[in-house]
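The exercises below ask a careful reader to work through how the chains of one structure meet. Each task is followed by a solution that goes step by step.

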There are 4 protein chains.
Amino acid sequence: MTTCQIDCHLTYKIIQPTEIIFLIHAAYSPNQTILAEQLCISPTAAWHEFQDPVHHNRHIRLRAAPCESFEVHYQATVECHDIAVHPQSSGEVAIRDIPDAVLPYLLASRYCNSDQLENMAMRSFAWMEAGYARVKAIEQWIFNNIAYISGSSNQFTTATDTLIQRAGVCRDFAHLGIALCRALGIPARIVVGYVEIENFSPDFHAVFEAYLEGGWRLFDPTRLAPTENLIRIAAGVDAGDVAFATFYGDLELLKIEPRINYQSE
Amino acid sequence: MTTCQIDCHLTYKIIQPTEIIFLIHAAYSPNQTILAEQLCISPTAAWHEFQDPVHHNRHIRLRAAPCESFEVHYQATVECHDIAVHPQSSGEVAIRDIPDAVLPYLLASRYCNSDQLENMAMRSFAWMEAGYARVKAIEQWIFNNIAYISGSSNQFTTATDTLIQRAGVCRDFAHLGIALCRALGIPARIVVGYVEIENFSPDFHAVFEAYLEGGWRLFDPTRLAPTENLIRIAAGVDAGDVAFATFYGDLELLKIEPRINYQSE
Amino acid sequence: MTTCQIDCHLTYKIIQPTEIIFLIHAAYSPNQTILAEQLCISPTAAWHEFQDPVHHNRHIRLRAAPCESFEVHYQATVECHDIAVHPQSSGEVAIRDIPDAVLPYLLASRYCNSDQLENMAMRSFAWMEAGYARVKAIEQWIFNNIAYISGSSNQFTTATDTLIQRAGVCRDFAHLGIALCRALGIPARIVVGYVEIENFSPDFHAVFEAYLEGGWRLFDPTRLAPTENLIRIAAGVDAGDVAFATFYGDLELLKIEPRINYQSE
Amino acid sequence: MTTCQIDCHLTYKIIQPTEIIFLIHAAYSPNQTILAEQLCISPTAAWHEFQDPVHHNRHIRLRAAPCESFEVHYQATVECHDIAVHPQSSGEVAIRDIPDAVLPYLLASRYCNSDQLENMAMRSFAWMEAGYARVKAIEQWIFNNIAYISGSSNQFTTATDTLIQRAGVCRDFAHLGIALCRALGIPARIVVGYVEIENFSPDFHAVFEAYLEGGWRLFDPTRLAPTENLIRIAAGVDAGDVAFATFYGDLELLKIEPRINYQSE
């Protein structure tokens, strides 16, 4: 069991009155227990939390008035649970047995355009033994064939773009993994969270989950950090669902520091 | 008040065991009351209905065994209500007043890639008086500038593709309307349903709704049928949410006849 | 030495007066000698031939008046030469030694968007021994990984599209081969011509050439016919240069039969 | 009559031995006479000039050895001629009367993908009086509807991208003008050259030419400088033909200063 201390600082210059929706709170999840948390906003602004009905992500909504420095400080103490699963033996779930609520994770989405790479997925991965090993092979293929290069992609980059460019950042790696899974009939989704990555300045991380026997399993084709160290913020069909900040107005991001510290016990 | 009789026939050749999810049932909606409905499947197959948590669309899920002719017959008697609204006077809703649950309809989606046509939307429509009249102007612009041509688009066609090609079918018209609204800060979504269109063989129709003061307002840039005659099946972020049939397996669509008859009283 | 008889029939319905430029004549090339040729056009229309200054392709330009059946019949007797080359031992040509006139075949073009797949090309082929063997490996990779499916592509399909879709026709195979070569610094171009392909109805064929030590070498990633049997019509940067017919006006293609017969001696 | 002094400095850091092809020399053109010119390269490198057979652009080819500062200095004195044309009265040239050598400028190209915006071009411009006035209307439309924003496009940006994004730089403006002309059956090409633009740091400029009665006519949808002040360097199908520098190797551009001064007499 590990206890983590999250310390997330975001600073903006607010140019015009701006509505902002943050997605920076630790998720309510069986894998983690939030022991304590606190959100400080300065200058003070009224905010409220709402959850979307599908992923139950915890959205924080507020309105920021123009100012030189608008600071958002989220702190949380979260306990990670060792969940006794043996994912290595997980098989794939036949379509007929996929729960109704999981079906949407089979559909192509904007960034995970699985319908465009069915042939590629079938040729490369269909012959493999189904199940955890196959998704692990997808993760490995991405790690081997895509270069992690900051700035090599943008907000329009899709899984097929990444496959051509052979470069991307964590969200692109996740999108490609998701798209390949869906193309093979395996439900998959993006997960974002806090994790410490050596030699990287603190940032939000994106990985993916595949739905296998026993439930959702986490994969990280970047191999940048052990997945068991990830404190989960949100899940979604793709990055369109899980932006850490969505805003309407005019602002400038000055600082982003989503730090995490681990205290093993 | 109008009463409609829906009579939707779908016939497939099932080549391999195939999981199918249909979206052909009249929606539960304040605008319409389902007086009676019946779903006949032949050869018999067990099915169940489930609703998604966001749009409450009524998905029918079943598994079809291989056969030469798999028939799905949905019949319903639906009463359309005259709802006393004066949409002409609806203004736009300031971002701060948009309900949490409506926020997702502001985001760019796969087919409604509003983030790519912000400049075009601003240049063409930002100077207009906000509200119902502006969305009406968008509807009119699409009607004037996009040709309705069957077969001119496919399952990958986005709003920007349609804007370039200047041709599409009803779903493309709806996607472009939605994308333009979102680019202007107006929440918008796709709605599919049954409607009779003169000189067209019966087919599902797609239109769009914009969220204005007083709630969702219907617009049809194809101008093919009066919107008050539409019996609503489903709503969604874009066509990805509202396919009338999604399947996993192998089949061939042999006949599609979603008929509707009106009996005014 | 082989002698071939080309017998190319094209029939159009001409709806409006239409300017047409055909590219169906056997090329003047060291690999082939035109022993005799004849062009019959019915109803009669004045035509002239011109060559472009780069590829010296033989364009036939004419104006067709409206009629139900406009027939173009090109016949030629062409001798193919066995040119004593040992391409297997050809190395690649260092950039500094590439002739000025060959440099354009290194640039990305519309269908051969080599600048988008540099990373993929480097990862997959850069480690190989340079020269003929490397281009042969590219040819083999395309043959192994892309399915030849009629109708799977259109006039907008690029090399990167084909790489994602894993399907195409001969011109798509050629474009992908060209793009991969250029990405590796090997000049490459498309070549179209006449060739007999078993179990295919007669059609124009597209292959590609790479510029190696000793000159241009032919490759056919479709493996549909022996390249030594190809009677060359034209070469170009990509398919944009070598359409067998380009027209301005309104017409309908009724029949396309570019037949070829071989008489070995 | 105007005499111009061109003074073009380019400085690179050469990281590896690099083959470079420059396109910076004033063109041989009836509109301008080169009175004197000089190319200095430091450290000295052997170079030669070659012209491509289509556009007769003057390519300078050389090989640069690794060094911290590789300087290219081109100076020329060029006389611009007032050519007595009355372009305002130029009509369009019927397809049948377009010279063979001008036909390629009707084809879609990578950046000027005219085949994708035929419908848009027809709807917006087909109703207008043909000729110079129509191309002027296209120029005006682009000026009115596209914002000149440095950095808003990249080497993959096509005319349709620019039409959607409503932003670009001079080459994007030119590409859109060319694509619209071609879609209407008017041959068009890109022209790059030297021109002084107020409030801009010196840079190469791109405009376009349309082929009308009397020959090629110059248009500049950016309206940044009078076209009669442009000293022409090169023409091409699109920007792919007229890069001021193409290189194979590894280098870094340190300074780009293509200055021009005018001495009216």
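## Which chains touch

In this predicted model, chain A and chain D share no contact, and their closest C-alpha atoms are 13 Å apart.

**Exercise 1.** Find out whether chain B and chain C are joined or apart, and give the distance between their closest C-alpha atoms.

*Solution.* Contact means heavy atoms within 4.5 Å. No contact of this kind joins chain B and chain C, and their closest C-alpha atoms lie 13 Å apart.

**Exercise 2.** Describe the interface of chain A and chain B, beginning with the number of residues that each chain gives to the contact.

*Solution.* Step one is to count the residues, and here 27 come from chain A and 27 from chain B. Step four asks where the residues of chain A come from, and the elements giving two or more residues to the side that touches chain B are strand 1 (2-22), strand 3 (47-51), strand 4 (58-64) and strand 12 (245-264) of chain A. Sorted by class, that side of chain A holds 13 nonpolar, six polar and eight charged residues.

**Exercise 3.** Describe the contact of chain C and chain D, and name the residues of one salt bridge.

*Solution.* The contact takes 27 residues from chain C and 27 residues from chain D, and about 2300 Å² is buried between them, 57% of it on carbon and sulfur atoms. Four salt bridges are counted between chain C and chain D, and in one salt bridge the side chains of C:Asp115 and D:Arg110 meet at 2.8 Å, N to O.

**Exercise 4.** Which residues of helix 1 of chain D are buried, and against what do they pack?

*Solution.* In helix 1 (residues 118-125) of chain D, the residues D:Met120, D:Ala121 and D:Phe125 are buried. Because these residues cover an arc of only 95° around the axis, they lie on the same side of helix 1 of chain D. The buried residues of this helix pack against helix 2 (132-145), helix 3 (159-165) and helix 4 (170-183) of chain D, together with helix 3 (159-165) of chain B.

Conventions: Residues numbered from 1 in each chain as written. Chains lettered and ligands numbered in written order. Predicted model: local features only at pLDDT ≥ 70, side-chain atom pairs only at ≥ 80, totals over all residues. Heavy atoms only, no water. Buried area = accessible area lost by both parts, 1.4 Å probe. Buried < 20%, exposed > 50% of the residue type's maximum accessible area, 1.4 Å probe, protein only. Helix = DSSP H or I, 4+ residues; strand = E, 2+ residues; numbered from the N terminus. Arc of directions from axis to C-beta. Nonpolar A, V, L, I, M, F, W, Y, C, P; charged D, E, K, R; others polar.
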